[in-house]
Amino acid sequence: MTRPMQDPNIRIDEILDAAEPLFFTKGYKKTTITDITSKMGVAKGMIYYYFRSKEEILEAIINRQTQVLLIHIKEIVSSQEKNPVQKFECIVASMFRTIQYRDGVLLNIGIVE
């Protein structure tokens with residue numbers, strides 16, 4: 001009996017969801033692929049099937065948050081209920097919320113020391 005293939009996007013999200021808090025708590029530089037696989041309870045090969053490196057995982061996290069931000073900005077810009085100044089204020093606020101997302105994980109991942 002063959003198992004149905006899991007949607008690759010689901011597995012990618014699981015990897016990113018495991019990596020994000022590790023980058024936050026341990027820092028990007030100190031987090032290893034082994035840390036991520038241990039948290040997920042999977043073999044290293046599974047991670048490498050989807051990502052070639054830790055850098056690609058970080059890039060995917062940044063891209064995911066950027067996509068969320070862009071959706072919010074498009075909603076704000078298309079709003080008929082706000083004037084241009086209010087739209088600008090909302091866009092800036094949305095950018096700060098994204099940066100501070102999950103207790104500042106994007107600011108505190110320890111890329112630079």
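**View 1. Tyr 28 is a buried residue, with a relative accessible area of 9%.** The model shown here is predicted. Buried means under 20% relative accessible area, so Tyr 28 qualifies at 9%. Phe 23 counts as buried too, at 1% relative accessibility. The ring centres of Phe 23 and Tyr 28 lie 5.1 Å apart. Their planes meet at 75 degrees, so the pair is edge-to-face. Lys 54 also belongs in this view: it lies over the face of Tyr 28, at 4.4 Å from the ring centre.

**View 2. Tyr 49 and Tyr 50 form an edge-to-face aromatic pair.** Their rings are 4.9 Å apart, centre to centre. The angle between the planes is 80 degrees. Tyr 50 is partly exposed, at 23%. The count of aromatic pairs comes to two.

**View 3. The chain is built from six helices and zero strands.** Along the sequence, the pattern reads α-α-α-α-α-α. The chain has 113 residues, and 32% of them count as buried.

**View 4. The largest nonpolar core has 16 residues.** Which of its members touch the most others? They are Ile 15, Phe 23, Ile 36, Ile 47 and Ile 57. Four helices each supply at least two residues of this core: helix 1 (8-26), helix 2 (33-40), helix 3 (44-50) and helix 4 (54-78). Helix 1 gives the largest share, six residues.

**View 5. Helix 1 has 19 residues, and its end C-alpha atoms are 27 Å apart.** Which residues of helix 1 are buried? They are Ile 15, Leu 16, Ala 18, Ala 19, Glu 20, Leu 22 and Phe 23. Look next at the two ends. At the start of helix 1, a side-chain oxygen of Asp 7 comes to within 2.9 Å of the backbone nitrogen of Asn 9. Just after helix 1 comes Gly 27, with a positive phi of about 90 degrees.

**View 6. Ile 33 sits in helix 2.** Is this residue, Ile 33, buried or exposed? Its relative accessible area is 9%, so Ile 33 is buried. Ala 43 is ten residues from Ile 33 along the chain. The C-alpha atoms of Ile 33 and Ala 43 are separated by 9.9 Å.

**View 7. Helix 5 runs through residues 84-99, 16 residues in total.** From its first C-alpha to its last, helix 5 reaches 23 Å. That is close to the 22 Å expected at 1.5 Å a residue. Asn 83 caps the N-terminal end of helix 5. Here a side-chain oxygen of Asn 83 lies 2.9 Å from the backbone nitrogen of Val 85.

**View 8. Helix 5 has buried residues and, turned away from them, exposed ones.** Lys 87, Ile 91, Ser 94 and Thr 98 are buried. Why do the buried residues line one face of helix 5? Seen down the axis, they fall within an arc of 65 degrees, so they share that face. The face turned away from the buried side carries Val 85, Phe 88, Glu 89 and Arg 97, which are exposed.

Technical notes:
Residues are numbered from 1 along each chain as its sequence is written. This is a predicted model: local features need pLDDT of at least 70, side-chain atom pairs count only at pLDDT 80 or more; totals for chains, interfaces and linings use all residues. Side-chain values use heavy atoms; hydrogens and water are left out. The expected span of a helix is 1.5 Å times one less than its number of residues. Buried means under 20% relative accessible area, exposed over 50%, partly exposed in between (1.4 Å probe, protein chains only). The arc is that of the directions from the helix axis to the C-beta atoms. A polar contact is a pair of N or O atoms within 3.5 Å; within protein, one must be able to donate a hydrogen and the other to accept it, and residues adjacent in sequence count only if both atoms are side-chain atoms. Rings of Phe, Tyr and Trp (its six-membered ring) pair if their centres lie within 6.5 Å; planes under 30 degrees apart count as stacked, over 60 as edge-to-face and the rest as tilted. A charge sits over a ring if NZ of Lys or CZ of Arg is within 6 Å of the ring centre and within 35 degrees of the ring normal. A nonpolar core is a set of buried Ala, Val, Leu, Ile, Met, Phe, Trp, Tyr and Cys residues joined through side-chain atoms within 4.5 Å.
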